[in-house]
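Subject: Structure handover

Dear colleague,

Please read them with the model open beside you.

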Amino acid sequence: MANTGTDEALAAQHLRSGKLVGIPTETVYGLAANALDPIAVARIFEAKNRPAFDPLIVHVANMAEAQKYCSHMPDLAFQLAEKFSPGPLTYILPKNQLIPDLVSSGHSTVGIRIPNHPLTLALLQQLDFPLAAPSANPFGYVSPTTAQHVLDQLGKAVAYVLDGGPCEVGLESTIIDLSGDQPRVLRLGGLSLEELEATLGQKLAVQTSSSNPKAPGMLVKHYAPNVVLRWENDLPEQLPQNIGCLRFSAPHAAFTTGRQWVLSPNGSLAEAASRLFAVLREIDQAKPDLVLVERFPETGLGRAINDRLKRAVQSGA
Ligand code: TXA
Ligand code: MG
């Protein structure tokens with residue numbers, strides 16, 4: 001089992017020798033490797049059991065570093081970075097030849113992100129290469145929001161987990177594609193659509209469709225716990241005995257006996273987002289026969305929460 005701690009120098013040493021390291025970010029924990037070393041990157045795909053058609057996000061310390069890996073940096077990227085980087089936003093940009101094909105899955109673009117976590121920013125500053133890092137979960141399962149989640153599932157694959165405490169945002173980054181004529185959102189995430197649109201002064205197309213996805217991580221079967229989840233207004237005819245409820249802020253009045261998981265008693269979407277993945281793991285451990293899921297308000301982070309819940313509901317075992 002891997003070590004865990006707050007020693008960035010040790011994490012850097014492992015990464016320089018081509019090993020995998022779990023890294024904290026404000027969104028979810030990443031499974032990191034040297035993005036410029038195809039052999040190290042191949043270990044990520046192997047550890048996650050991730051199909052090679054699903055490209056990885058490249059993490060850098062600042063925009064000057066980001067520019068090193070792009071053939072062209074659009075003005076919109078600078079405009080957004082001024083406000084949101086470091087932060088929960090990934091830019092899809094035209095890549096240059098420094099980025100191995102395995103990282104971009106053969107696409108001509110690369111996803112770049114400047115994560116907002118002091119330990120990982122310090123780590124990136126020590127390295128002379130960027131870090132390719134998908135979420136540190138087996139492909140298709142819920143993303144990790146603590147170092148322990150990474151150890152539990154990928155402890156054998158990583159040399160070290162840099163422990164930065166529980167992730168503050170708790171949902172993966174929002175992905176915006178800046179490689180075409182018009183900006184498009186490919187994944188709803190930790191930065192709300194409203195904030196992006198307000199900054200850009202325009203409505204954004206949202207293309208998170210799961211058939212033939214541009215961001216393959218948006219496949220329907222994703223973020224999937226093992227327990228069966230259903231929207232609470234779409235009940236099966238026969239209800240099993242051992243039912244649970246996953247709620248936003250108030251317990252479900254009709255199910256006093258079942259287990260209830262309430263994400264934010266105060267009704268804070270940010271708090272609900274930060275707890276969602278840890279609670280889905282708790283639910284998996286409790287193994288109810290069925291969990292009824294409340295739909296969140298379709299605003300701010302509620303959109304991204306609904307997106308993750310939709311995938312969990314559709315794909316429950
Ligand atoms: O918050 C996050 O973004 C976390 C942390 C660790 O940074 N990372 C993360 O990575 O969620 P991952 O691999 O689980 O999800 C990355 C998503 C995938 O859906 C992938 O298809 C998409 O980004 N993606 C990466 N590069 C892309 C590209 N060039 N074009 C389109 N989509 C891309
Ligand atoms: Mg992921």
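Two strands pair if DSSP finds at least two bridges between them, and strands (E, at least two residues) and helices (H or I, at least four) are DSSP runs, numbered from the N terminus. This is a predicted model, in which local features need pLDDT of at least 70, side-chain atom pairs count only at pLDDT 80 or more, and totals for chains, interfaces and linings use all residues. Residues are numbered from 1 along each chain as its sequence is written, chains are lettered from A and ligands numbered from 1 in the order in which they are written, and side-chain values use heavy atoms, with hydrogens and water left out.

The sheet is open and has 11 strands with mixed pairing, in the order 1-8-2-3-7-4-6-5-9-10-11. Its edges are strand 1 (3-5) and strand 11 (205-206), each of which pairs on one side only. Strand 1 runs parallel to strand 8 (residues 160-162), to which 3 bridges join it, and V161 in strand 8 is the bridge partner of T4.

In helix 8 (residues 193-200), the residues L193, L196, E197, T199 and L200 are buried, that is, under 20% relative accessible area (1.4 Å probe, protein chains only). They lie on the same side of helix 8 because they cover an arc of only 165° around the axis, the arc being that of the directions from the helix axis to the C-beta atoms. Just after helix 8, G201 takes a positive phi of about 65°.

Key. Buried means under 20% relative accessible area, exposed over 50%, partly exposed in between (1.4 Å probe, protein chains only).
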